[in-house]
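Thanks for coming. I will go through one structure and keep to what was computed from the atoms.

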Amino acid sequence: MIKRILVGLGGTPYTSVAIERAVQLAKQFDAEITGVTVANFDQIAKVGLVPKGVLHAAREVARERARVTKEAVEDAIGKLETACASEGIRYRVNREEREDPFDLMISLARYHDLMIFGLRSIFEYDIAFEDSQDTLARLIAAGVRPIIAVSERFRPIHKVMIAYSGSMASAKTMKRFVQLRLWPDVKLKIVTFQSSEDKAHQLLYDASEYCRAHGFHVDTESNPGSPKDVLLPMATVWQADMIVMGNSARNLLVKQLLGETALHIIRNADRPLFLCQ
């Protein structure tokens, strides 16, 4: 049951979609929303090492960046407040000024049932952090779950593709999505990528029977190719509105812990993802 939703308010092109998705689910489940924005405006306004002759210009650029960031943050907060007020949804906004958002996001995730962020960037000011393109990936690797990573365009969810490998992590992700019943009337398609046709058949049969037991209509497909190469094209051809994806890697580095395939999909997907590492 969903009762508390955490949504990142970053002023990115994804923010409006994240808010719309959070409001839709909060209304459906009578849940409350926590909007979070983490900024360190002093950090954003800092000027790095530049030649003395361009120092003034660099300072102006940094100040303008900080100003634009503040406006983006306030605009995102205003959009959430307006959307929640119009639908009668309980909400609160957590404003923080921190150099690094990860500890705060992980702490807040402990007490929320669902997190909603943008696919590419959680915050407009991710430019202030190292490896900003993988902000979302780092949170997933740190155990923040489940996450809906929204795309730039809002999609009604009618068709959901589940990437299933048979690993325990992959099974947990599939089960979590099914048990939450965020969209109980969706059509599911379970896909697996196995070189053995017999193994693929058994995995798809077991997974589809589980989903059907929960009342879902299910199709299946096996593809012997690499999921990194063929998962997104398969989702496009089938016109999936969302991809459900888990992972089974257990190494220490972010790329290894999250998995090369998962990281590739997060970086390149053009439709929302349901992620539950």
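Contact here means heavy atoms within 4.5 Å. Helices (H or I, at least four residues) and strands (E, at least two) are DSSP runs, numbered from the N terminus. This is a predicted model, where local features need pLDDT of at least 70 and side-chain atom pairs count only at pLDDT 80 or more, while totals for chains, interfaces and linings use all residues. Residues are numbered from 1 along each chain as its sequence is written, and side-chain values use heavy atoms, with hydrogens and water left out.

First, the overall picture. The chain has 10 helices and 10 strands. Of its 277 residues, 50% are buried, meaning under 20% relative accessible area, with exposed over 50% and partly exposed in between (1.4 Å probe, protein chains only). Among contacts with a separation of 6 or more, 79% come from residues 24 or more positions apart.

Next, a helix pair. Helix H8 (residues 227-238) packs against helix H10 (residues 260-268) at an angle of about 40°, with the axes 9 Å apart. Axes are lines fitted to C-alpha atoms, for helices over the stretch in contact, and angles run from 0 to 180 degrees between N-to-C directions. From H8, Pro227, Lys228, Leu231 and Leu232 meet Glu260, Thr261, His264, Ile265 and Asn268 of H10.

Now the rings. Which residues do ring pairs link into a cluster? They are Phe177, Trp183 and Phe274. Rings of Phe, Tyr and Trp (its six-membered ring) pair if their centres lie within 6.5 Å; planes under 30 degrees apart are stacked, over 60 edge-to-face, and the rest tilted. The structure holds 2 aromatic pairs. In one of them, Phe177 and Phe274 sit edge-to-face, 5.2 Å centre to centre with 75° between the planes. Phe177 is in helix H6 (residues 168-180) and Phe274 in strand S10 (residues 273-275), so this pair ties together parts 97 residues apart in sequence. Both Phe177 and Phe274 are buried.

Last, the backbone. Most residues other than glycine have a negative phi, and most peptide bonds are trans. Arg145 and Pro146 are joined by a cis peptide bond, with omega about -15°. Pro146 is in the loop between helix H5 (135-141) and strand S5 (147-150). Asp30, not a glycine, has a positive phi of about 55°; Asp30 is in the loop between helix H1 (15-29) and strand S2 (32-38), and is partly exposed at 48% relative accessibility. Arg181 also has a positive phi, about 50°, and lies in the loop between H6 and strand S7 (187-192).
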